[in-house]
Amino acid sequence: MRAQPKASHFIGGRYVEDDQGTAFESLYPATGEVIARLHSATPAIVEQALAAAADAQADWAARPPVERGRILHRAAQIMRARNRELSVLETLDTGKPLQETLVADAASGADALEYFAGFAPTVTGQTIPLGRDMAYTLREPMGVCAGIGAWNYPIQIAAWKAAPALAFGNALVFKPSEVTPLSALALAEILTEAGLPAGLFNVVQGAGEVGAALVSDPRVAKVSLTGSVPTGRKVYAQAAEGIRAVTMELGGKSPLIVFEDADLDNAVGAAMLGNFYSSGQICTNGTRVFVSRKVLNAFLEKLVARTKRIVMGDPLDEATQMGPLVSAVQAERVLGYIARGVAEGARLVCGGKSPSGCFVEPTVFTDVTDDMTIAREEIFGPVMSVLAFDDEDEVITRANATDYGLAAGVFTRDLTRAHRIVGRLQAGTCWINAYNLTPVEMPFGGVKSSGVGRENGHAALEHYTRVKSVYVGMGDVDAPY
Ligand code: NAD
């Protein structure tokens, strides 16, 4: 199985190689096979990408927004037409089952391109009457933006950053995760085929040091990172040195609260989606499932029965519901957390083992207490912790007792209670009687350590444009000297 791209990087509208860069491989996590060999960007490659972006950006910003939108729209159509091919590539690079990638990855990237294609021409400023004088505002692009991605939703992350950046007149240099380098290159090809001028979307490969080289470059006006909290701290600090704008989409340890009046089948389904989809490698996952003690046994019975039926196996078989984790390192990490859960006294009711290679069974712990490691740290694997609660105030206090604040969910038929609770939850995204749905129309991002800024929705405009205020004097200048 090969998914070798024409070269490692995509700069100025074409593939570029520099074999002086450190060689690295992309592996298919289901089998460990090498699917591509690439090189990390050298300083010369980073320079080439930033120079191409800086050269191309001003002309792009000067184009009518409807024209920029038309190109993005065309890219969305190409992406949809190639959905299967892109999904197979994403499955090979991440190990996520084709059943998922066919509906969740490139498709959601295409949604973002369509949404921001339509949004671009609607952006206007304000006029501000000041009596005799007036002022107005202009929404201007930031200039050159740097995007840095995580490995769980590679093409989605690339498109969620490229679509608003390009729609609003910016250029982007994107560095995918070194674990999943391939699909960002496919996105670059598609944008180019759709008519995007050279230099506006560039892809450079490599690990943290390549990301850091982008973040510290004075030509970069804005940095958007999707990654873990420790990386976020470093990138945010480095961006602060240059007073650069940031969007930080970081990790979480989100609560999902199930009340006694909830539709239990729906709540169980949501808890499973929010812990096992993408083998649990989703930042917003509701990994702390708080269940009312009154329905705890019924909830667990349904949960365990359905979890045992999850079909794990060959990700390329469309009947497979769960694939491996992204890498052996990640599988080891997750198994380490499972061992820790057992050692700290949580009760393992389902899963817990690795059948082979990077695969880890869907795992459910109950009798989990708030102080256990599995209830405090982001595991990023298929490990659900079920915690019992007795009343509303108690569960809100416990749900909020974390440094993270990415997402939260509540299941109840009492809508007054649902709204009251989400009003008190410290999270950037909340779901009522649903979980993990992130349509492009809805702003997405975290509070507390989970992040800064928002992607998607109208909110993205704030993060890919800046406001220029223009004061217009309409009379004589009133100078006292
Ligand atoms: P990571 O933090 O290890 O890496 C993220 C990216 O940052 C990679 O491209 C990496 O090469 C780069 N990087 C690392 N050090 C850097 C540095 N010093 N300067 C610049 N770039 C650097 O994260 P990961 O393991 O790839 O992804 C998993 C994490 O991402 C989880 O914590 C998950 O919650 C988070 N995530 C968040 C969201 C969100 O939208 N909030 C979405 C997906 C994943």
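A: A crossing of two helices is left-handed if the near helix is turned anticlockwise from the far one by less than a right angle, and right-handed if clockwise. By this rule, α2 and α5 make a left-handed crossing. The model is predicted, with local features requiring pLDDT of at least 70 and side-chain atom pairs pLDDT 80 or more, while totals for chains, interfaces and linings use all residues. Residues are numbered from 1 along each chain as its sequence is written, and side-chain values use heavy atoms, without hydrogens or water.

Helix α2 spans residues 65–81 and helix α5 spans residues 106–119 (helices are DSSP runs of H or I, at least four residues; strands are E, at least two; both are numbered from the N terminus). Their axes come within 8 Å and cross at roughly 160° (axes are lines fitted to C-alpha atoms over the stretch in contact; angles run from 0 to 180 degrees between N-to-C directions). The two helices, α2 and α5, are therefore roughly antiparallel (over 145 degrees; under 35 is roughly parallel, 65 to 115 roughly perpendicular, the rest oblique).

A second pair consists of α6 (residues 154–167) and α7 (residues 183–193), packed at about 40° with axes 8 Å apart. That angle makes α6 oblique to α7, and the crossing of α6 past α7 is right-handed.

A ligand oxygen lies 2.7 Å from a backbone N or O atom of Gly149, and a ligand oxygen is 2.6 Å from a side-chain N or O atom of Glu378. A ligand nitrogen is 2.8 Å from a polar backbone atom of Leu250. Of the 850 Å² of accessible area that the ligand has on its own, the protein covers 88% (Shrake-Rupley method, 1.4 Å probe).

How values were computed
Polar contact = N/O pair within 3.5 Å; in protein donor to acceptor, adjacent residues only side chain to side chain.
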